[in-house]
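Q: I have a new model open and want to learn how to read it. Where should I start, and what should I look for?

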Amino acid sequence: MTDYIRFNVKESEAGMRLDQFLASMEKIVSRSEAQRILRAGNVLINGVSVSTPSRKVYSGQSIFLTVPDNANSEINPEKGEIDVLYEDSALVVVNKPSDMVVHPSVGHSSGTLVNYLMYHCNDLSGIGGVFRPGIVHRLDKDTSGILVVAKNDIAHLNLSSQFKRRTVKRQYQALVWGVPEKDQGVVEASISRHPSRRKEMTVVKKELDLDGENTKGKHAVTHWKVLKRFKNATLIVCRLETGRTHQIRVHLNSIGHPLIGDKQYGKSPLKDFSGLSLKLFQSMKSFRRQALHAELLGFKHPVTDEWCEFRTNLPKDFRNLLTEMQKL
C-alpha cells in the first residue's frame, strides 16, 4: 500500500539536509531509504520535484512525498517460534520477545509477529488492514510481553472498544535510572510527536480550544509504584490508564527516571556512576533494549464476556540484569 505524506518545515528543522529531514519521519526508516525515494522522483518541495539528498530545507516549505510499498500487498506466512499463552476461535494471546516487530512495515517485511501468526493460525481479523491483520494494540520492537490478537472481525471490534473505553488492564515492569523519593505516583501529561525528531514522542503542555479540547497533544496517564530500590536504579510497576505511543518511556523520562537501555529517550548514564562491579557494567552494556516488560493483560472475552487475565514472568535478560543489580 502506497503512503502519501505532507509536512511543512518548521523553524527548528530549517537547514537540515533533505534526506536527513525525510529520515526523521516515522514512515522512513533510514537516510538510505530517503535517498531511494528521492532518486525515484517521489518528493516534491512546494510542488516542484527534487532529487538531491544534500539540498537544504527551509522554514515554511511544503514537502510532499510518496512512499511506495516495497513489498507485495500480501503477507508471507513464516514458520517461527511463538510463545502462545492462550488461544481459541476468537483470539490468541502471545508473549512477545524483545527484538521482534509486531507487524510488517517499511524496512520490516518479514520476521514479524504477524508473519508468524499467519503461519500459525491463518485466520486473523482483517480490520487492521493488509499489514496489521488482527492487531488490536502494539508493543514496541524492544519491549517484551503480552499481546492479544483478534482472529475475526467481531472479536477485533469488541477488543478495540474495550481499549478505547480504557477497561483493559495493562501492567508493566520497568527498570529505571535513579531512585524516586516517593513510593508511588501518577504522571498525567499530554503526549505529542516531537517537533523536530518525528520518530519520537514528547510531553507537551495543555492548550485548550473553545470547546475545552486539548490542541497540543493526546491526554495520557501512567500510574507507577516502586517495587524495589537499588543503589542507582529502581524496579517499578506501571499501570496504563491510556495507551499512547511510547507512553511509559516518555512519561518516566519526563520525571527524571528514564528506562535503562532506552537509547531513544534516556541514554544510560553509566559514566556518572562509580562503584559498579565489572559484571554489572558488562551486563548493562550488553542489555541492548529498554528495560520494559508487559507483564499483565486483562480484558473481557469478546464472545463469552468472561474476564480474562494473563501474566508472564520477566524474560531472562531482564532477570539477569536484576540479579546483578541486587549484588550492589
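A: Start with the largest nonpolar core, which has 31 residues. A nonpolar core is a set of buried Ala, Val, Leu, Ile, Met, Phe, Trp, Tyr and Cys residues joined through side-chain atoms within 4.5 Å. Buried means under 20% relative accessible area, exposed over 50%, and partly exposed in between, with a 1.4 Å probe and protein chains only. Those with the most contacts inside this core are Leu-117, Tyr-172, Ala-174, Ile-236, Cys-238, Ile-248 and Leu-252.
This is a predicted model: local features need pLDDT of at least 70, side-chain atom pairs count only at pLDDT 80 or more, and totals for chains, interfaces and linings use all residues. Residues are numbered from 1 along each chain as its sequence is written, and side-chain values use heavy atoms, leaving out hydrogens and water.

Q: Which elements supply at least two residues each to this core?
A: In soluble globular proteins, nonpolar side chains tend to be buried together. Here the suppliers are strand 6, helix 3, strand 7, strand 8 (169-177), strand 12 (221-229), strand 13 (233-240), helix 5 and strand 14. Helix 3 gives the largest share, 5 residues. Helices (H or I, at least four residues) and strands (E, at least two) are DSSP runs, numbered from the N terminus.

Q: Where does the core lie relative to domain 2 and domain 3?
A: It lies between them, because domain 2 (84-165) and domain 3 (171-326) both give residues to it. Those bounds come from an automatic or database domain assignment.

Q: What is Cys-238 in contact with, beyond its neighbours within four places in sequence?
A: Contact means heavy atoms within 4.5 Å. Cys-238 touches Arg-170, Gln-171, Tyr-172, Thr-222, His-223, Trp-224, Ile-248 and Leu-252. A second, separate core has 18 residues, among them Ile-5, Met-16, Leu-18 and Leu-22.

Q: How many residues of strand 6 are buried?
A: In a regular strand the side chains alternate between the two faces of the sheet. In strand 6, 6 of the 6 residues are buried, so the strand is largely enclosed by the rest of the structure. Leu-91, Val-93 and Asn-95 are on one side, and Val-92, Val-94 and Lys-96 on the other.

Q: Which strands pair with strand 6?
A: Two strands pair if DSSP finds at least two bridges between them. Strand 5 (residues 84-87) pairs with strand 6 in the antiparallel sense over 3 bridges. The two form a hairpin with 3 residues between them. Val-84 stands opposite Val-94. Strand 7 also runs antiparallel to strand 6, joined by 6 bridges. There, Ala-150 is the bridge partner of Leu-91.

Q: How many salt bridges does a search of the whole structure find?
A: Side chains of opposite charge can pair when their charged atoms come close. A salt bridge is a side-chain nitrogen of Lys or Arg within 4 Å of a carboxyl oxygen of Asp or Glu. The search finds 9. One of them joins Asp-99 and Lys-141 at 3.5 Å, N to O. Asp-99 lies in the loop between strand 6 and helix 3, and Lys-141 in the loop between helix 3 and strand 7, so the pair ties together parts 42 residues apart in sequence.

Q: Are Arg-249 and Asp-262 buried or exposed?
A: Both are buried. Their closest N and O atoms are 2.8 Å apart in a salt bridge. Asp-140 is linked with this pair in a network of salt bridges.
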